Amino acid sequence: MTHDSMAATVLAPRPATPDDAAEISRLRSAFVLTEPLDEKWLDVCRDQLAKRLGPGGDARAYVIDAPAGGLVACALGLIQPVLPAPRYPKGLAARIHAVATEPAHRRRGYARAVVSALLDGLTREGVTLFDLHATEEAAPLYGQLGFTGSSALMRMTRLSEQPAAHAPVDDAAWLPPEEYAATVPKCTAFACVYFTDEDDRPLQLRSVCSPSHPWQLVGGVMDPGERPWETAVRECREETGLVLTIPPKLLATVHSLPGGGWPYSTIGLIFDGGQLTTDQIHSITLAPREHDEARVLPLDEWKALMPPRDFRRLNAMAQARRTGEAAYVGAGD
């Protein structure tokens, strides 16, 4: 056999069989996943893939054999049912789940060959809807094959409980960073400052735009790129005209779950602003679009002016100041 004929034989993809499951799992682990699998997880993937490549299974793959044994390239697809539509009349779709080539054999057309063979084979089975996650390096190839970009593809992983060590889980648990970021909870963050006068009476501002939460601490939502203390300093200056020159001292952390029409959790850091003198309190200059009054009252007198959960938070601030132990408050739920 000549060198050219041997190269042609190696380049020709063939359909994978269950016997190829171990090599496909190895290539996927080594060159697709962001964190390679250990031996036990490789065994789990091999056994599951072998079944799914068998008769009646939902996995399809095309591979290229290495001259010395093993595989140099593979393309793995998983078929899934969808409701039919004109562009996929049989109600069949496929995720191109893994495409990998050994580094020493790249830039020889192997990836194009196995992906093209896989797409052709799936099309013959009636699959007409395809999707995949493309790396920046591979995107031009998939574009040439007909794939187009879309911001509509979203993914999440929902596990009812922590899996036992090395127990099989959905492959979606292994995600590229940008896809994983889309699955984690989103959170709004704010930072506030707890001030009192020299008699330890809390100071609060009356909101002009939040009748359900009329009295608020000095502070607000973090801007992109800000650290919590930077937010506290900025909001204090904008809302009162006071300039914080003291070092940051965390007084409490506040957390609330989504609700009331707001889709995200909320987390806030409350810093101790210390005691203000009478002159400092009189010098407060309010931002009229946000607040119309700054008031100092004994803690007990605030209770009648605030919703119970808001007062519980204020009371936690006062207690944290007295004890020196930072508070955790979940009363904003």
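The protein's secondary structure comes to 10 helices and 13 strands.

## Confidence and overall build

Across the protein the pLDDT averages 87, and 88% of the residues score at least 70. Which elements mark the two ends of the confidence range? The lowest is helix α1 (residues 3-11), with a mean of 46, and the highest is strand β7 (residues 202-207), at 97. Residues 1-10 have a pLDDT below 50, and this stretch has 5 contacts in the model beyond near neighbours in sequence. Where pLDDT is low, the predicted coordinates should not be read in detail.

The protein has 333 residues, and 39% of them count as buried. If you take the contacts between residues at least 6 apart in sequence, 64% join residues at least 24 apart.

## Helices α2 and α3

In helix α2 (residues 21-31), the buried residues are A21, I24, S25, L27, R28 and S29. An α-helix has 3.6 residues a turn, so residues three or four places apart point the same way. What covers the buried residues of α2? The cover includes helix α3 (39-53) along with strands β2 (59-65), β3 (71-81) and β4 (92-101).

Not counting residues up to four places away in sequence, L49 touches A21, I24, S25, A59 and L76. Is L49 buried or exposed? With a relative accessible area of 9%, L49 is buried, because the cut-off for buried is under 20%. L49 and R60 are 11 residues apart along the chain, and their C-alpha atoms are separated by 9.7 Å.

H291 is found in strand β12 (residues 291-296). H291 has a relative accessible area of 2%, so this histidine is buried. Its neighbours, leaving out residues up to four places away in sequence, are L205, R206, S207, V208, Q216, E239 and L286. With one of them, Q216, there is a polar contact between side chains, at 3.4 Å.

A320 sits in helix α10. A320 counts as buried because its relative accessibility is 5%. Beyond the residues up to four places away in sequence, A320 touches L251, E325, A326 and A327. The C-alpha atoms of A320 and L250 are separated by 9.6 Å, although the two residues are 70 apart along the chain.

## Two loop residues with positive phi

Next come two residues in loops. R107 is found in the loop between β4 and α4 (110-124), while D200 lies in the loop between β6 and β7. Each has a positive phi in a residue other than glycine: near 60 degrees for R107 and near 65 degrees for D200. How do they compare in accessibility with the buried residues above? The table puts the values together.

| Residue | Relative accessible area | Class |
|---|---|---|
| H291 | 2% | buried |
| A320 | 5% | buried |
| L49 | 9% | buried |
| D200 | 44% | partly exposed |
| R107 | 81% | exposed |

## Empty space inside

Rolling a probe the size of a water molecule over the atoms shows where empty space is left. How many cavities of 30 Å³ or more does a search of the whole structure find? The search finds 1, and the largest cavity has a volume of about 40 Å³. The residues that line the largest cavity are Q204, W215, L217, M306, D310, R313 and L314. By kind, this lining divides into 4 nonpolar, 1 polar and 2 charged residues. Helix α10 (residues 308-323) gives the largest share of the lining, 3 residues.

The second largest pocket has a volume of about 910 Å³. Its lining has 31 residues, and those nearest its centre are F190, H213, Q216, T266 and R313. Which elements give two or more residues to this lining? They are strands β6 (187-197), β8 (215-216), β9 (218-221) and β10 (250-256), together with helix α10. The lining divides into 12 nonpolar, 13 polar and 6 charged residues.

How values were computed. Residues numbered from 1 in each chain as written. Predicted model: local features only at pLDDT ≥ 70, side-chain atom pairs only at ≥ 80, totals over all residues. Heavy atoms only, no water. 1 Å grid on protein atoms, 1.4 Å probe; cavity = no way out; pocket = protein on both sides within 12 Å on 5 of 7 lines; lining within 4 Å. Points joined across faces, edges and corners; volume = space filled by probe spheres on them. Helix = DSSP H or I, 4+ residues; strand = E, 2+ residues; numbered from the N terminus. Nonpolar A, V, L, I, M, F, W, Y, C, P; charged D, E, K, R; others polar. Buried < 20%, exposed > 50% of the residue type's maximum accessible area, 1.4 Å probe, protein only. Polar contact = N/O pair within 3.5 Å; in protein donor to acceptor, adjacent residues only side chain to side chain. Contact = heavy atoms within 4.5 Å. pLDDT = per-residue confidence, 0-100.
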